[in-house]
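Let us walk through this model together, starting from a single residue and ending with the whole chain. Keep the viewer open as you read.

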Amino acid sequence: QAVPHQVPGQAPPPALAQAPPQAADGRGAAAAEWDGALEHRVMTASTPAEIEDVGKTVLMKLPTLPPEQIAELLTKMERMIGMYHGEFLAEISRLLAARVRECTSMQLAQLMSAFLMWKVDSRERFSEFSREFSAAAFAELPSRLMEMAPLEINCCLAGFLALGHADQKFFSAVGRSVLARHRTFGAAPLAALLTILSEMRLVHADLFASAAQVLCTKVRELRASDILRVLRAFSKCNVQHETLCHAVSTDILTRFREKGSSAGFSTEQLCEVAWMMCVLQSYHEDFFRLVFKQLAETPRVSTDALCMMYEVHLALDCEFKDFYAKFRIAADKVQALQQLYAQNRKDARRCSEKVRSDVASVLKSLVEGTVHANHRTSIGLLADVAALRKRSSTDGYIHIDIDSQLTSIRSVDHDESANTPIMLDGSVALRRRLMQKHNLRLIAVHEQQWRRLDDSKDKRRHLRSLLATLGDVTE
């Protein structure tokens, strides 16, 4: 299953990209077989003939090179991946797969770490032809998980993330093994593991809950960047844990009380933390007051942070209204934030444009009034499709959101993917919750289910059944 990649050109986070240490001599146990000349050729090949020739040599020597050198060669070959045809890349995958069982866990981690150093387009290119290697690794690693070091596990998982490969049984096994020994993980490696799972849109509920209990007691050990990673993982996977949120809020307040502006959090990061607290439905008044104070004292704040703060305002205003009234943003500033939000959040679509247009077309055939795609509501939030009684109306009487792989989080609590519960991404859940609390009637259409419907008659019948949950809204 494909998963989202990093932004093109963006380096992997240090906690995820860090490779396991090499042996003392840099060459592992099989130093006698180390081929320094081949490394030099890989680094200097420039003409098509040289690149082709060095590729042939790599294929010939890959079965005998030490795994540590294979990892280094893979890192250095990144610039040439796009120049090789698919058969060559598939053969590289096959040869790597044949070496998996003989590798130590550290060597496997080094191999997987090589892909973290590649640019996104190189990863995507190799991903198309590397299924055999990933399948071999998925089959081999489960039996080693209980003995692998946390860094080795994280490097292997991050490598799969870089290649965009996931396997339900494997990640379920990872969840079980880490759950069994999560107290032996340091705070930072545990934060990195949760981050990797969330980036793959996977969640193991028991592991997240147990990890939260450990992290609550170790929050003082975490750097600001690690705290952000933890909260991003929990908010993305929409896993609420009030004790963790309270511990983080209290810790941030303590850091600011002790260190002031040197606490380690920028104003933009505080805005993000506040937004994530709203996603997780956690309220700590002193923390939110700190965020608003820092925001007022900062002359320049990024647009993205201000857009988050508009959603924070909406959440506090409808979910903690009485408490928020004591320090609520002034009305003119709320209006300015809403205008900025509308200017910069112009499309919330996470499905294909074709499916959204198709849903809008079918809705037109079922209801009266005007149907809009990508409709902006009176509170500024966007709905994929909306039906309005009048063309001049701001809010519709029907709002439709379309679920896709980019709105969902998949559970790996069980081995089998069939009937695996699908949960909403935290940002999507927040937006829908806010719309419903503002009395906007909302239904969700699942993209995959919609695509399986053969003709317009089936689509009309399916959409009509969903609309029935809103009451009498169809003709």
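N374 counts as partly exposed, because its relative accessibility is 23% and the partly exposed class lies between buried, under 20% relative accessible area, and exposed, over 50% (1.4 Å probe, protein chains only). You will find N374 in strand β2, which covers residues 370–376. Strands here are DSSP runs of E with at least two residues, helices are runs of H or I with at least four residues, and both are numbered from the N terminus. The backbone of N374 is worth a look: its phi is positive, about 55°, although the residue is not a glycine. Most residues other than glycine have a negative phi.

Before we go on, please keep in mind that this is a predicted model, in which local features need pLDDT of at least 70 and side-chain atom pairs count only at pLDDT 80 or more, while totals for chains, interfaces and linings use all residues. Residues are numbered from 1 along each chain as its sequence is written, and side-chain values use heavy atoms, with hydrogens and water left out.

Another asparagine with a positive phi is N439, at about 65°. N439 sits in the loop between α21 (426–437) and β7 (442–446). With a relative accessibility of 69%, N439 counts as exposed.

Now for two arginines. R255 belongs to helix α14, residues 242–259, and is buried because its relative accessible area is 9%. What does the side chain of R255 reach? One of its polar atoms lies 2.6 Å from the backbone oxygen of L222, and a polar contact of 2.6 Å links it to the side chain of D251. A polar contact here is a pair of N or O atoms within 3.5 Å; within protein, one must be able to donate a hydrogen and the other to accept it, and residues adjacent in sequence count only if both atoms are side-chain atoms. Beyond four places in sequence, R255 touches V219, R220, L222, R223, A224, I227, G260, A263 and F265, where contact means heavy atoms within 4.5 Å. For a sense of scale, R255 and D472 are 217 residues apart in sequence, and their C-alpha atoms are 54 Å apart in space.

R99 is in helix α5, residues 86–99, and is buried because its relative accessible area is 7%. A polar atom of the R99 side chain lies 2.5 Å from the backbone oxygen of L62, and the side chains of R99 and E102 make a polar contact of 2.9 Å. Leaving aside neighbours within four places in sequence, R99 is in contact with L62, P63, T64, L65, P67 and I70.

Let us zoom out to the whole protein. It holds 23 helices and seven strands, and 55% of its 475 residues count as buried. Why does the radius of gyration of 25 Å agree with a compact globule? It agrees because a compact globule of 475 residues would have a value near 23 Å; the radius is taken over C-alpha atoms, and the globule rule is 2.2 Å times the number of residues to the power 0.38. Along the principal axes, the C-alpha atoms fill a box of roughly 75 × 65 × 45 Å. Among contacts between residues at least 6 apart in sequence, 75% join residues at least 24 apart.
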